[in-house]
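Please look over the structure below and read this short report beside it. Where are the strands, and what lies around them?

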Amino acid sequence: MRSSNRNWLALGGAASLLASCGSEQAVVPPAPRPATPVTAPAVADEPVKIGEPYNVGGKTYVPADPVNYDEVGYASWYGEEAIGKPTANGEDFVPSAISGAHKTLPLPSYVEVTALDSGRTILVRLNDRGPFSDDKLIDLSRGAAEQLGITGDGAAAVRVRRVNPPEQEKALLRARQRAPERIDTPQPLLKVLRGRLAQVPASQPAQVQTARPVVQAIPAASSASRPGVSFDTPAPPTPKPTSKTTAPTKPVSGGYIVQVAALSSQSRAEALARQIGAYAVAAGSVWRVRYGPYPSQKAAQAGVKAAAAKGFANVRVMANDAR
């Protein structure tokens with residue numbers, strides 16, 4: 001019996017040694033990276049809206065639901081000049097959100113946008129209609145343009161490809177955060193895409209839309225009789241003035257001013273100033289859009305109210321140094 005017990009002990013010890021060796025050689029998988037925290041979604045993806053044909057500027061656009069949408073063209077972008085205005089599917093426009101406008105894709109849709117000069121690719125959530133010009137494929141929010149690296153005054157060559165990303169990435173964009181960037185497009189594919197772009201009419205420099213056409217949402221009472229329809233025919237664009245309009249000149253120093261926005265582009269700052277009846281002034285590397293001057297802080301509240309009426313909240317009352 002003792003001999004038998006010794007045999008069992010020997011076998012047990014060998015098994016224990018083998019298990020120990022195996023555990024030392026095993027590759028322990030790395031712990032998963034924690035997911036980016038997501039706040040409660042500010043907007044929803046349902047229902048997805050397509051809409052009926054609509055007319056802007058004498059041209060008819062026909063919304064559709066293509067599964068394999070993949071086009072090249074030119075992108076423009078818009079920012080503070082449209083802050084607080086409703087997008088075509090009823091959401092408030094937020095310049096820093098990663099969003100975009102497309103003439104015909106369902107709203108919302110998710111697309112990968114690639115800058116054809118750099119190969120950089122980001123995920124964008126479409127929630128608006130536009131841009132309403134034949135030489136532009138997509139209009140990006142300022143946040144999307146910054147992430148893609150195309151915030152210059154000119155239009156940028158891009159590829160727009162419809163995708164169905166993971167729910168986590170959709171949630172990030174709904175919460176107005178950035179989704180992870182894609183791997184840069186390889187040079188051989190960029191060469192092919194640039195070849196396709198050569199067949200697209202050349203784009204003119206991006207223009208600020210001071211009176212962006214809005215596609216109105218259908219009243220709830222009529223939606224039942226028009227299943228899947230989300231838009232009525234939008235109002236035509238505001239006619240261009242017959243004479244060239246310039247931004248108001250910079251006022252003299254003194255008193256107080258109300259600062260509405262600070263933009264890196266002179267043309268966008270001046271366009272916003274014309275739109276809201278303010279003025280644009282250079283301040284270092286940025287252009288500031290302001291009301292005033294006013295003789296006192298109390299009088300400057302008139303500028304605060306004027307800004308609020310144009311959709312700009314939390315503006316600043318400042319001493320006017322004319323800079």
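Predicted model: local features only at pLDDT ≥ 70, side-chain atom pairs only at ≥ 80, totals over all residues.

Residues are numbered from 1 along each chain as its sequence is written, and side-chain values use heavy atoms, with hydrogens and water left out.

**The barrel**

Helices (H or I, at least four residues) and strands (E, at least two) are DSSP runs, numbered from the N terminus. Two strands pair if DSSP finds at least two bridges between them. Strands of a sheet pair through backbone hydrogen bonds, either parallel or antiparallel.

Six strands close into a barrel, in the order S3-S7-S4-S6-S5-S8, with mixed pairing. From one strand to the next, the twist averages 45 degrees. Axes here are lines fitted to C-alpha atoms, for helices over the stretch in contact, and angles run from 0 to 180 degrees between N-to-C directions.

Strand S3 spans residues 70-78. Seven of its nine residues are buried, a term for under 20% relative accessible area, with exposed over 50% and partly exposed in between (1.4 Å probe, protein chains only). S3 runs antiparallel to strand S8 (residues 156-163), and six bridges join the two. Tyr74 has Ala157 in S8 as its bridge partner. Glu71 stands opposite Val160 in S8. With strand S7 (residues 138-141), S3 pairs in the parallel sense over four bridges. There, Ala75 stands opposite Ile138.

Helix H4 (residues 187-197) lies across S3, strand S5 (109-115) and S8. Its direction is at about 80 degrees to S3.

**A buried helix**

Helix H3 is largely enclosed by the rest of the structure, because six of its eight residues are buried. These are Glu169, Lys170, Ala171, Leu172, Leu173 and Arg174. Their cover includes S5 and S6, where contact means heavy atoms within 4.5 Å. Just after H3, Arg176 takes a positive phi of about 65 degrees.

**Enclosed and open spaces**

On a 1 Å grid over the protein atoms alone, a cavity is a set of points where a 1.4 Å probe fits but cannot get out. A pocket is an open set with protein on both sides within 12 Å along at least five of seven lines. Lining residues have an atom within 4 Å of a point. Grid points are joined across faces, edges and corners, and a volume is the space filled by probe spheres set on the points.

The structure holds three cavities of 30 Å³ or more. Strand S6 (121-128) and helix H3 (167-174) each give two or more residues to the lining of the largest cavity. Nearest the centre of that cavity lie Glu91, Ala97, Ser99, Arg125 and Asn127. For the second largest pocket, the closest lining residues to the centre are Tyr69, Lys103, Asp134, Lys136 and Leu137.

| Space | Volume | Lining residues | Lining make-up |
|---|---|---|---|
| Largest cavity | about 100 Å³ | 13 residues | six nonpolar, two polar, five charged |
| Second largest pocket | about 250 Å³ | 14 residues | six nonpolar, three polar, five charged |

In the table, Ala, Val, Leu, Ile, Met, Phe, Trp, Tyr, Cys and Pro count as nonpolar, Asp, Glu, Lys and Arg as charged, and the others, Gly among them, as polar.

**A loop residue**

Asp153 lies in the loop between helix H2 (142-148) and S8. Asp153 is partly exposed, with a relative accessible area of 42%. Its C-alpha atom is separated by 8.7 Å from that of Arg268, 115 residues apart along the chain.
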